[in-house]
Amino acid sequence: MATLGQLCVLAGLLICAVGTPIAFAAGASRSARGLVWSRRLALAFAGAMLAANLVMEYALITHDFSVSYVAQVGSLATPWHITVVSLWSSLEGSILFWGLVLGGFTAALVLLQRRGHEDYLAYTIGTLLATGLFFSFLIAGPANPFQAISPVPTDGPGPNPLLQNHILMIIHPPMLYLGYVGMSVPFAMAVAALLRGQLGATWLKPLRNWLMVPIGFLTLGIMLGGWWSYEVLGWGGYWAWDPVENASFLPWLTGIAALHSAVVQQRRGTLKAWTVILIMVTFLLTILGTFLTRSGVVNSVHSFTQSPIGPLFLSFLGITLIGVVVLLAMRIDTLVSEPAEDAIVAREGAFLINNLLLVTLTFTVLIGTLFPIIAEAVRGVKVSVGEPYFNRMAVPVFFGLLLMMGIGPALPWGRASREELRRALLRPLPAALAGGVLAAFVFSFDWQILLTGALAGYALWVTLDQGIRPARARARGGESVPRALGSSLTRSPRRTGAYLVHLGVIVTFAAIAASSAFQTASEGTLAPGEELLVGDYRLVFEGAEHERQPHREVEKAVVRVERGGRQLAILEPSLNQYDTQREPIMTPAVRTSLGHDLYLTLGGVGDDGRAGLRAILTPAVVWIWIGVLVMVAGTALCLIEPRTARSRAAATAAEAATP
Amino acid sequence: MNRRVLLVGSLIVVPLLVFLALSFGKDPRAIESPLIDAPAPGFALFDLDGQPVDLAELRGQPVMINFWATWCQPCIVEHPALQAAARRYEGRAHFIGIVYQDDAALIRSFIASRGGWGRTLLDPDGETAIAFGVYGAPETFFIDADGTVVRKVTGAMGIDFVSGIIEGLL
């Protein structure tokens, strides 16, 4: 098995080594035959990666402990579905999986962009294969999961218990990888645009779509990570500005900025260089993030321990960084913006400010994340940058983003008269007032809450107003309201999707503000029958239960939840002690409602049967997840081809087919 | 060739790579303190009630100094252990918590809901944390009865661990 896996990986490495120069040569000579071969090799690379991953899965499921990775993360006692996903539970496996995702994206690009774009495709494939070259080299050598082990162990330690503790840990990493690795595609497309020396509207459209896909996955991945941390780690929060969290947040910020810049370019033909630079920075940040988490240079709760791939990753990062700077310096001047007929005003201005805010936040978070490394290198001291720094820096930017989300879409494109501007900006003001009053009424008269409420109200009004505008026009034209809504969805899915994303962002922002400002906590050590009060809940500790499962010991507290004398639920927070691990892992019990979450953790059960319980009431948490899901749904909607464009494209194709 | 792009790009890229390369082989968690076997840096701070506390006046008994914050998860984890230790050695050792990069109001509400231990001191400008070379929270220093730092611990501690160290100093 180990040999077969090795062979697949080596095949992938060979294909990339051959394919990279072929594809770049095809790009330089604009050879059609070269492009055909580049496509074939790209598909072959995807096939090799798929085969290697299948071999590993087979080895995992059959408990073939002669394969080093299986011996490292496998265990006979681990349930079947956990065994399947332990593919990405540890360093070597996750890099192998990374190879699969990269192969998948490469194949998808080749298969989906079958027609047109010959000018750019060969360079794009070449860049992707060059990335593949690095990763298959990692899998083949330094992070090889297919080493043969002898003598063959009879059992292994099993995967990281955190993975086994919750379903979210199973889906969070692949989503994040899809987001991270997916950024290679827009990066490769931007490299192609630079090498070609042009970024026209025809290439921009697929570029924008291929940028949106990983952003969607990244959004989902970050959210699932926060949700997982909330549901599993038992500290009652979902975001701690940990380096690893920051590493996933940074490319998200620049990716969003790149997307907005692409929208302006599509509309006005300006900001071309911005778009390209932001896409490249996004890709570089995914590599930097991976490096930071895999090399052990930053102190993080998530980071893998020191591993030999750190220096290699740094070399890859270095080569890519230098390559990007040189390429930009040489070719950026070829991307001339079409002359704008008027000064940057109105909506373009708002987009630009929005991008500046996003880039500022990126820099701030990046500096905070890297500061410990810099301080040690410069002054030889160890420092840490805590949550307060990030919160202090990020909150004003969040306000700015919320403001721009309200102002931007309200403004017209191009030049606008003073009167138009005044009318566009003043109209949503009552919504801002309502939002502020509502926030103050529901929560408190804190100025930050008031401001959040007002800005959210303003942005919400503008978003809804703009989002349903096509439907309203249709309804006014005589269509029935549901029909008008339906046809505006199919005819302008991108517009509707974009405003749906904004809606999700507003909901998420507001929920983050509310949940981080108003937490109530209460705790106590209770004997069976005793109670703990939090908010208007009465929590009665009924007793502790102990259970022995195949791979872990579970200590569980049974708690009856009452409010107003009525029993609402039985919650069972637990402590799980995995056989192969020293520290027990806390599993909170959460009762979610639309208004707030009741979050219960068990600190431990004493010999006398008394349990240490902690209860936290947090408002609006569920709206964070809902908001993000709305964002992801909106992103998906943006990817749909509008009905009219689709039928027009079909008509053109049919026309071309007839002799 | 756009020289401006090249210049700005190099100014960002080169130092970044140098810093990252320099950080290899250094474990961010392994922190040796030059304070071990040296006299503890003196401090005079106010506690949450506004009462002054001077380290020099605590001589004669072992002192545990714990730098913590409400935003730090391991601090929350070790909080019950420190409470238990402070109770167990009441009158025989001093337990001092020093607030690290946090807000006094948050600390107050934290202690109000979970109970405190020993004395909690405010370090508004972080001068004491700097004097002790604190890198992150939680970090704990154990000082013997003569005022000499004997041990530094990074990360959360359990009750048995704390007791083991204190017993050795009594």
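In which loop is Asp37(B) found? Asp37(B) sits in the loop between helix 1 (3–22) and strand 1 (44–47) of chain B. Helices (H or I, at least four residues) and strands (E, at least two) are DSSP runs, numbered from the N terminus.

Before going on, a word about the model: it is predicted, local features need pLDDT of at least 70, side-chain atom pairs count only at pLDDT 80 or more, and totals for chains, interfaces and linings use all residues. Residues are numbered from 1 along each chain as its sequence is written, while chains are lettered from A and ligands numbered from 1 in the order in which they are written.

**Backbone and burial**

Asp37(B) has a positive phi near 70 degrees, although it is a residue other than glycine. Asp37(B) is also exposed, with 10 other C-beta atoms within 10 Å. Here a residue is buried if 20 or more other C-beta atoms lie within 10 Å of its own, exposed if 12 or fewer, and partly exposed in between, with C-beta atoms placed from the backbone.

Over in chain A, Trp241(A) is not a glycine either, and its phi is positive at about 55 degrees. You will find Trp241(A) in the loop between helix 10 (201–232) and helix 11 (243–268) of chain A. Trp241(A) counts as buried, with 20 C-beta neighbours inside 10 Å.

The expected span in the table is 1.5 Å times one less than the number of residues in the helix.

| Helix | Residues | Length | C-alpha span, first to last | Expected span |
|---|---|---|---|---|
| Helix 2 of chain A | 32–61 | 30 residues | 44 Å | 44 Å |
| Helix 21 of chain A | 493–517 | 25 residues | 36 Å | 36 Å |

Helix 21 of chain A is mostly covered, with 21 of its 25 residues buried.

**A helix pair**

Helix 17 (residues 429–442) and helix 18 (residues 447–467) of chain A pack at about 140 degrees, and their axes are 7 Å apart. Axes are lines fitted to C-alpha atoms, for helices over the stretch in contact, and angles run from 0 to 180 degrees between N-to-C directions. Helix 17 and helix 18 of chain A are therefore oblique to each other; angles under 35 degrees count as roughly parallel, over 145 as roughly antiparallel, 65 to 115 as roughly perpendicular and the rest as oblique.
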